[in-house]
Amino acid sequence: MESRSATGTQGSVVLRTTGLSKSFGKLEAVKNLNLELRRGEVFGFLGPNGAGKTTTVGMILGLITPTTGSIELFGVKQDGNRWAALRRIGAIVEEPAFYPYLSGWDNLQVLAESIGGIQKSKITEVLERVNLLDRAKDQYGHYSMGMKQRLGIASTLLRDPELIILDEPTNGLDPAGTKEIRDLIPRLAHERRAIMLCSHLLHEVEMVCQNVAIIKQGTVIANAPIKELLSRGNQLQIRVQNVEQAAAILSALPWVKSVKREGDYLMIDVPPDRGASVNQALAEKGVFVSELINSTHSLENVFLQLTGGASGD
């Protein structure tokens, strides 16, 4: 199947928010949000319950009016009628809603007719993209949770969107269904689409996203490439006989950010290529390392550290 031919160049900015804020009375749900999402990118948008993710998505889709700030879609600032921009966006917010007594095909046919200008061949194409073509004539009510989610994604593809917003697309899926969605998302991005993925399944985000923003109490507390975020959690774990002496020696080194004792081990926050330097600095003072491990953190570890242990949605 041929990939879509989107307008614009690979890597061009599809979505940009500047100083975006939303207040409900005295509650500041979103504060000074600055995000940028580019074509071909899978962008993870993470945060604990009530952090402001849903409000942000609502503002992007024109469902909620910002208090201050601006939203730019496809290079155009969204001040008034957003219909031209919204036609280029596909979104699943919460669980997809379809007629349970109609087949998957017929549900998409109803949607296509309401949109207008969509050929039946396009329905066939999107069902094939999400591996539902062989079950297209089955009633939606008989679909598994994974099939329902895939039909929801198929519905977003009917208009061939350049930006796709997915809210918890693997929620409630079994491992096989989760893998199907996880494999599909990067393929969509490789077709020069931009994908915004809101999810609480941090290991899934870690596997498919290039960049991540973490929001807490309406404020973005991290916004960086996922590799950069994970590198912040890199630590050296060493074991020595004289733990206190080793800690004092390492704490005095300018390139050691922190030293923390955990039982018989020291956790040292240093660049991952500094293992030999740590060993040498201790040996010169007569302290010898019996064990040295380069410990890396997962996105979940980083998320919990940044949010103070708050859980995702």
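I took helices (H or I, at least four residues) and strands (E, at least two) as DSSP runs, numbered from the N terminus. By that reading I counted 11 helices and 14 strands in the protein chain.

The model is predicted, with local features needing pLDDT of at least 70, side-chain atom pairs counting only at pLDDT 80 or more, and totals for chains, interfaces and linings using all residues. Residues are numbered from 1 along each chain as its sequence is written, and side-chain values use heavy atoms, with hydrogens and water left out.

**Entry: the chain as a whole**

I noted that the C-alpha atoms fill a box of roughly 80 × 45 × 35 Å, taken along the principal axes. I looked up burial, where buried means under 20% relative accessible area, exposed over 50%, and partly exposed in between (1.4 Å probe, protein chains only). Buried residues make up 49% of the 313 residues in the protein chain. For the surface I used accessible areas from the Shrake-Rupley method with a 1.4 Å probe. The protein chain exposes about 15200 Å², and carbon and sulfur atoms supply 48% of that area. I then turned to contacts, meaning heavy atoms within 4.5 Å. Of those between residues at least 6 apart in sequence, 69% join residues at least 24 apart.

I treated two strands as paired if DSSP finds at least two bridges between them.

Strand E3 (residues 42-46) and strand E8 (residues 194-198) run parallel and are joined by four bridges. In this pair, Val42 stands opposite Ile195 in E8.

**Entry: helices on the sheet**

For directions I used axes as lines fitted to C-alpha atoms, for helices over the stretch in contact, with angles from 0 to 180 degrees between N-to-C directions.

**Entry: H9 against H10**

I found that the axes of helix H9 (residues 243-251) and helix H10 (residues 275-283) come within 10 Å and cross at roughly 115 degrees. Ala246, Ile249 and Leu250 in H9 meet Val278, Ala281 and Leu282 in H10. I sorted residues by type: Ala, Val, Leu, Ile, Met, Phe, Trp, Tyr, Cys and Pro count as nonpolar, Asp, Glu, Lys and Arg as charged, and the others, Gly among them, as polar. The contact of H9 with H10 holds six nonpolar residues, no polar and no charged.

**Entry: single residues**

Most residues other than glycine have a negative phi. I therefore looked up Asn131, which counts as partly exposed because its relative accessibility is 47%. Asn131 has a positive phi of about 60 degrees although it is not a glycine, and lies in the loop between helix H4 (120-129) and helix H5 (145-157). Glu168, in the loop between E7 and H6, has a positive phi near 55 degrees. Glu168 counts as buried because its relative accessibility is 12%.
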